[in-house]
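Dear colleague,

Here is the structure I promised to pass on, followed by some notes on what I found in it. Please read them alongside the coordinates.

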Amino acid sequence: MYQGLKFLAQQSYLDTVKGGFRGFGINQETLFGAAFVLLAVIFLFFLGKGINLLLLKIRPRDIPPNWIIGKKRIAALLTEAMNKRSKFEMRFLPSSPSRKSTYCSLERIEKNNLALEISSTLKVSRNWISRNVEVFFKISHKDKAVFYRFEASILGIRNLNSGLIHVLLSVPDIIELQQKRAFLRVKPPSEYLMGCAIWQPEAVSLERHTNVKTWGMPILYYTPEKGSNPIAVENLSAGGIRLGFSREARGMLAKELNIGMPFLLMLDIFDPESQRKRRFWLHAKLQNLYEDYTSRNMELGLQFIRWGRPKNDAASQLEWTKVGGEGIELLATWVMRRHLELFRSKVSS
């Protein structure tokens with residue numbers, strides 16, 4: 001009997017609700033139609049979300065190849081840099097080469113921030129908070145290094161009892177393969193370096209140096225077949241090259257080396273993408289030098305000014321082209337691909 005009364009009460013309540021809707025001119029068919037439309041909208045919404053997620057999964061090419069994304073990958077990369085005591089450089093945005101960098105080290109990785117430690121001798125202001133910065137760092141692997149960059153916001157500043165200071169940064173969503181320098185640099189893999197020769201003319205008159213046959217013998221050269229070479233290519237970029245010279249090779253150069261001094265170069269590299277050798281004729285100037293006073297070895301940093309291409313079908317006749325702000329495009333592409341190869345080999349290992 002109780003169940004019967006309960007059913008009658010429920011039926012009475014439903015009739016009351018239906019009657020209320022009829023008072024507004026809404027019948028049962030209209031209610032069913034509205035419910036159907038609502039369900040269709042909800043279905044289409046979730047269908048769209050699912051398609052969007054599927055497209056993101058099947059279109060990985062939309063992500064630039066030099067981006068590192070994903071919380072786990074970024075956390076693992078930053079942890080490796082912290083464990084290897086990598087040096088970090090931080091500077092305020094907008095980016096400008098004239099802005100000074102603050103050198104620091106990554107001391108702690110927390111859930112919502114990174115703690116970069118800097119010296120208390122630096123003037124740190126509370127006005128730094130909420131400003132955006134870019135951060136550069138590198139991770140070394142034997143005789144090679146991979147360079148990275150990311151952007152973040154300063155969340156806070158923490159003064160430690162030791163006198164050091166922690167600058168708290170937001171955790172980045174993206175880390176890029178990028179160097180602070182104007183051009184990405186890489187040490188060419190030995191299997192891709194096919195030859196390098198250097199001439200040191202008293203003065204470079206491009207009219208006098210359009211014919212390679214008139215250059216004479218190079219003062220120094222690198223060949224992969226030799227067990228030991230007097231010169232080594234330490235790194236290469238679209239805008240320049242860094243050469244290392246042994247103590248013996250140092251004597252072949254001019255006694256006085258001055259910034260801006262001209263050099264002529266021939267560089268042969270293997271391009272695995274096209275499966276062919278690429279030869280570059282280069283006019284460069286001395287940009288910087290470093291000498292180890294213990295070993296007497298020397299390194300020269302040379303900036304590319306012009307690069308020569310064979311004129312017509314005459315391999316020895318060159319037509320010189322000025323190197324612009326973007327460097328030599330063919331070299332830029334080659335260097336980027338080698339840099340990505342190095343990163344991928346590091347990840348796979």
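Buried residues make up 37% of the 349 residues in the chain, where buried means under 20% relative accessible area with a 1.4 Å probe, protein chains only, exposed means over 50%, and partly exposed lies in between. This is a predicted model, in which local features need pLDDT of at least 70 and side-chain atom pairs count only at pLDDT 80 or more, while totals for chains, interfaces and linings use all residues. Residues are numbered from 1 along each chain as its sequence is written, and side-chain values use heavy atoms, with hydrogens and water left out.

The chain holds five helices and 16 strands, taken as DSSP runs (H or I, at least four residues, for helices; E, at least two, for strands) and numbered from the N terminus.

Strand 4, residues 113-118, is mostly covered, with six of its six residues buried. In a regular strand, side chains alternate between the two faces of the sheet.

Three residues lie between strand 3 and strand 4, which form a hairpin. Strand 4 also pairs in the antiparallel sense with strand 7 (residues 165-170), over six bridges, and here L116 stands opposite V167.

Best regards

Definitions and conventions:
Pairing = 2+ DSSP bridges.
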